[in-house]
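These are my notebook entries on one protein structure. I set down what I looked up, in the order in which I looked.

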Amino acid sequence: MIPPDRLHHRALLCASLLQGDAGPTPVDEGNRSLLASLLAGQRAGLGCLPPRLGLADNDFAAMLAAYFPTARLPAPWPAASPERVPEWDELVQFLLDHRAGEHAEPRWMAQILAAACAGRDHLWQDLGLTGRHELSQLIALNFPALAQANDGDMKWKKFIYRQLCAREGIYVCPAPSCQACHDRPACFGPES
């Protein structure tokens, strides 16, 4: 269970980020609210993202300049940094192959999602988001083809890995179809 003070800290920081000014160039408001939620969750010690959300220094600085140029972020919550995912490069490329466009945001989100895959919880929890709905919004906004492909509402981390493995010719589901698999409840449906 997450201590109420962390949730309160998260909510305050997210509101503060969204009340601040955005950068001089027009920004995507959907991604702005998602990035605020990611930053707030990470700074409150929720999830497993490293201090720069898994972004390189220059990408993190560019994201802050574009979306939160006047923000004063508190120090990250002291937490162990997750190990780098061995298939990080393949995950990033897989996500980029489904991106909405060539702009920076899907590239940043691909790196952030790949970093969060090192966590051991549901992907939305590893990202420090408030719920699966935010993760679904992030994926729909930045990787719409991937969002459309998850028409069975499979849990996102499982779905991404399953798609990545299938692309590489690795099939891990022993049942001829997911409908017959005894693990179906663990893969599909609500995450709580």
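**Entry 1. Overall fold.** I read the protein chain along its sequence and noted the pattern α-α-α-α-α-α-α-α-α-α. The protein chain has 10 helices and zero strands. I took helices (H or I, at least four residues) and strands (E, at least two) as DSSP runs, numbered from the N terminus.

**Entry 2. Basis of the values.** I noted that this is a predicted model, in which local features need pLDDT of at least 70 and side-chain atom pairs count only at pLDDT 80 or more, while totals for chains, interfaces and linings use all residues. Residues are numbered from 1 along each chain as its sequence is written, and side-chain values use heavy atoms, with hydrogens and water left out.

**Entry 3. Confidence.** I looked up pLDDT, the predictor's confidence in each residue, from 0 to 100. Its mean over the protein chain is 86, and 84% of the residues reach 70 or more. Where is confidence lowest in the protein chain, and where is it highest? The lowest mean, 59, belongs to helix 10 (residues 184-187), and the highest, 96, to helix 7 (residues 132-142).

**Entry 4. Surface and contacts.** The accessible surface of the protein chain is about 10000 Å², and carbon and sulfur atoms hold 55% of it. Accessible areas come from the Shrake-Rupley method with a 1.4 Å probe; for residues, only the protein chains shown count as cover. Of the 192 residues in the protein chain, 44% are buried. I used buried for under 20% relative accessible area, exposed for over 50%, and partly exposed for in between (1.4 Å probe, protein chains only). I then turned to contacts, meaning heavy atoms within 4.5 Å. Among contacts in the protein chain with a separation of 6 or more, 71% join residues 24 or more positions apart.

**Entry 5. The nonpolar core.** A nonpolar core is a set of buried Ala, Val, Leu, Ile, Met, Phe, Trp, Tyr and Cys residues joined through side-chain atoms within 4.5 Å. Which residues touch the most other members of the largest one? They are Leu38, Met63 and Leu127, in a core of 49 residues. At least two residues of this core come from each of helix 1 (4-19), helix 2, helix 3, helix 4 (88-96), helix 5 (104-116), helix 6 (123-126), helix 7 and helix 9. Helix 5 gives the most to this core, namely eight residues. I also listed the contacts of Leu38, leaving aside neighbours within four places in sequence: Leu49, Leu53, Met109, Ile112, Leu127, Leu129 and Leu138.

**Entry 6. Helix 4.** I found Trp88, Leu91, Val92, Phe94, Leu95 and Leu96 buried in helix 4. The cover over the buried residues of helix 4 includes helix 5, helix 8 and helix 9.

**Entry 7. Leu53.** Leu53 sits in the loop between helix 2 (29-43) and helix 3 (57-67). Its phi is near 65 degrees, a positive value in a residue other than glycine. Is Leu53 buried or exposed? Leu53 is buried, at a relative accessible area of 0%.

Entry 8. Asp153 belongs to the loop between helix 8 (144-149) and helix 9 (156-167). Phi of Asp153 is near 60 degrees, again positive in a residue other than glycine. Asp153 is partly exposed, at 37% relative accessibility. Its side chain makes a polar contact of 2.6 Å with the side chain of Arg132. A polar contact is a pair of N or O atoms within 3.5 Å; within protein, one must be able to donate a hydrogen and the other to accept it, and residues adjacent in sequence count only if both atoms are side-chain atoms. Arg132 is in helix 7 and is buried, with a relative accessible area of 12%.

Asn150 is placed in the loop between helix 8 and helix 9 and is buried at 9%. A polar atom of the Asn150 side chain lies 2.8 Å from the backbone nitrogen of Met154. Not counting residues up to four places away in sequence, Asn150 touches Arg132, Trp156 and Phe159.

**Entry 9. Cysteines.** I searched for disulfides (a pair of cysteine sulfur atoms within 2.5 Å) and found zero in the structure. For Cys48, the nearest cysteine sulfur is that of Cys117, 8.5 Å away. Cys48 is buried, at 14% relative accessibility.
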